[in-house]
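This report goes with a protein sequence and its 3D structure. Please look at both before reading on.

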Amino acid sequence: MRTNLLEYLEDTVRRVPEKIAYSNGQDFMTFAQVYRESRAIGSFLQAKNVQREPVVVFMDKHPRAITAFLGVLYAGAAYVPIDPAHAAVRLAPQMAQSGARLLVTQSVSEQARPLFDGVILDVGEAVANEPDGNLNLARSPDDLAYVIYTSGSTGQPKGVAVSHRNLANYTLAILRQLDLREPLQFATVSTLSADLGHTAIFPALTSGGCLHVINYETATDGRLFASYLSEHPIDVLKIVPSHFKALVATADGQALWPRKFLLFGGEALSWDLVEQVRR
């Protein structure tokens, strides 16, 4: 079994280069665009002498943030996703604890400049470069793919390290469980700085499906989310039980229903919600 998901992504690029890889309902990127831009970011980072090290990605929830994640992987590094919406007092310790010396972000004029002592790189400048054709995909299965920080609800947030082996095992297991016969429409509704979002991202991309990157406002309002689904039907929705209950409380539950699979994770699933779903 291959443990580098970039190889699976490249298989998809060869099969369906012009198919939409991800969208937020307004902006979208094809697999060919994702491939070119993520490799350009990887080349840009390698030119900065990035090795097997953490790189902070400080970006709003947008399709290009996922391209930045892939670019960090192409560079041979591990990405550390940080949500700009979180308070700076929480961001600074996380970024310092990660040991990262590089941070990738949107143009710093578009959002508050993060408190970071290292080098800040503009993702727009990175994707404007031509990708290097010599990017090496050779990775150890135990190399880090990304680091996610816990919520800190029980104390100081802690970094959880996810290896390429971990990520590949989970992604391929989910795809086997779903037994996909055709590419499907996936959605990521949690913050990109939480692991729940990443467990939707990679099954979508490696199976040739389309990933819908739902913004915070839409993902937290049942009526807005139902409206999005009416225009962009979703086949696979993975969500935290309490989040789904909150959405159902503000909209018709049937309007929130994915067409094929509803996956719960991240916390305990109550029997009350199970019965509500069955009804």
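The sections below cover a pocket, a loop residue and a helix in this predicted model.

## The largest pocket

The largest pocket holds about 440 Å³ of space. It is lined by 18 residues, and those closest to its centre are Tyr149, Ser151, Ser193, Ala194 and Asp195.

Sorted by class, the lining of the largest pocket consists of 8 nonpolar, 8 polar and 2 charged residues.

## Asn24 in its loop

Asn24 sits in the loop that runs between strand E1 (20-23) and strand E2 (28-30). Its side chain has a polar atom 3.0 Å from the backbone nitrogen of Gln26. The side chain of Asn24 also reaches the backbone nitrogen of Asp27, at 2.7 Å.

Leaving aside residues up to four places away in sequence, Asn24 touches His62, Pro63, Val213 and Tyr228.

## Helix H2

Helix H2 covers residues 31-47, which makes 17 residues.

Which residues of H2 are buried? They are Phe31, Val34, Glu37, Ser38, Arg39, Ala40, Ile41, Gly42, Ser43, Phe44 and Leu45. After H2 comes Asn49, which has a positive phi, near 65 degrees.

Note on methods. Residues numbered from 1 in each chain as written. Predicted model: local features only at pLDDT ≥ 70, side-chain atom pairs only at ≥ 80, totals over all residues. Heavy atoms only, no water. 1 Å grid on protein atoms, 1.4 Å probe; cavity = no way out; pocket = protein on both sides within 12 Å on 5 of 7 lines; lining within 4 Å. Points joined across faces, edges and corners; volume = space filled by probe spheres on them. Nonpolar A, V, L, I, M, F, W, Y, C, P; charged D, E, K, R; others polar. Helix = DSSP H or I, 4+ residues; strand = E, 2+ residues; numbered from the N terminus. Polar contact = N/O pair within 3.5 Å; in protein donor to acceptor, adjacent residues only side chain to side chain. Contact = heavy atoms within 4.5 Å. Expected span 1.5 Å × (residues − 1). Buried < 20%, exposed > 50% of the residue type's maximum accessible area, 1.4 Å probe, protein only.
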